[in-house]
Amino acid sequence: MPTPSSLYVRSAGRELHVTDWQPAPGQRPRGTVVAWHGLARTGRDMDDLAAHLAAQGWRVICPDTLGRGLSQWAANPQDEYCLAFYARLARELLDAMNVGACHWVGTSMGGAIGTVGASGYFEPALKSRIQSLVLNDNAPQLAAPALERIKAYAGQPPAFDTVTELEAFYRTAYQPYGHLTDAQWRRLTETSTRRLPDGRVTPHYDPAIVGQFVHHPDDYLIWHHYDALQVPVLLLRGVDSDLVLKQTAEAMTQRGPGARGQLKWVEVPGCGHAPALNVPEHFALIDDFLARAG
């Protein structure tokens, strides 16, 4: 497996942690992929996909979003934990890392950030820089019951005496990711754990991130951004997803890039919300899409 660099980059006045995977030695450079994680996760979720893509010549940039992982927490949560600010973070991050153009793979929230970035409404300079977009179980409209489920667990992160107990929690909460090996579950746990002042361990994010749903209640209703997309889009929908409903995916085929013949929709078996992008079958879907888009 290629060895990534762990970087700390200033963006929008905040420090973001980034895992930067360079192309494997001897590989012809193919360009840059930004792989952005979901709501309460970290960039290390993308390790398996990033290692696979780097071995084929891609540079893969995997940020921890503000308030997650090793990135700084928001100074003004109400104003900073929202898609508009995340798009600004993305634009300034690409500037800081000298990335002129990229393909974007986004899981859940990461897909929404890619959508609002590529639309150009929040950050016009991003529109021409995102060359294609993979939406991993994300859509311009999300099912309300699933959002309530996510808010419930993300807004009240549990704490445990041991990392072993936290891993058991993750195995239950993220069972819809699909198959993970024991080693992958352990890595997921160890890369998204922080210790509290009382010695217990808890997921590695700022609980205030869920304020996005209170202060910006329609932040994930982004049909106007989707309709504005002018790039190829791959929708990976977990076949058992409760967040991206099948009728929403069908609506995506009728408007925006779907109406222009730029959308490919694939149902991913054995997964709900959201496919972990960690097995050869998932890699193949993205490989094929990038080959066609690039």
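Modeller: The dialogue below treats a serine, a group of aromatic rings and a pocket.

Modeller: This is a predicted model, in which local features need pLDDT of at least 70 and side-chain atom pairs count only at pLDDT 80 or more, while totals for chains, interfaces and linings use all residues. Residues are numbered from 1 along each chain as its sequence is written, and side-chain values use heavy atoms, with hydrogens and water left out.

Colleague: Where is Ser71 found?

Modeller: Helices (H or I, at least four residues) and strands (E, at least two) are DSSP runs, numbered from the N terminus. Ser71 is in the loop between strand S4 (58-63) and helix H2 (77-80).

Colleague: Is Ser71 buried or exposed?

Modeller: Buried means under 20% relative accessible area, exposed over 50%, and partly exposed in between (1.4 Å probe, protein chains only). Ser71 counts as buried because its relative accessibility is 5%.

Colleague: Which backbone oxygen does the side chain of Ser71 reach?

Modeller: A polar contact is a pair of N or O atoms within 3.5 Å; within protein, one must be able to donate a hydrogen and the other to accept it, and residues adjacent in sequence count only if both atoms are side-chain atoms. The side chain of Ser71 reaches the backbone oxygen of Asp64 at 2.6 Å. A polar atom of that side chain also lies 2.8 Å from the backbone nitrogen of His17.

Colleague: How many aromatic pairs does the structure hold?

Modeller: A pair of aromatic rings is described by the distance of the centres and the angle of the planes. Rings of Phe, Tyr and Trp (its six-membered ring) pair if their centres lie within 6.5 Å; planes under 30 degrees apart count as stacked, over 60 as edge-to-face and the rest as tilted. The structure holds eight aromatic pairs. One of them, Tyr170 with Tyr174, is stacked, at 5.7 Å centre to centre and 20 degrees between the planes.

Colleague: Why is the pair of Tyr174 and Tyr177 stacked?

Modeller: The planes of Tyr174 and Tyr177 stand at 25 degrees, with the ring centres 4.8 Å apart, so the pair is stacked. Tyr177 is buried at a relative accessible area of 10%. Ring pairs link Tyr153, Phe160, Phe169, Tyr170, Tyr174 and Tyr177 into a cluster.

Colleague: What is the volume of the largest pocket?

Modeller: The largest pocket has a volume of about 260 Å³. Here a pocket is an open set of points on a 1 Å grid over the protein atoms alone, where a 1.4 Å probe fits, with protein on both sides within 12 Å along at least five of seven lines; lining residues have an atom within 4 Å of a point. Grid points are joined across faces, edges and corners, and the volume is the space filled by probe spheres set on the points. Of the 21 lining residues, the closest to the centre of the largest pocket are Leu39, Ser108, Ile150, Tyr153 and His273.
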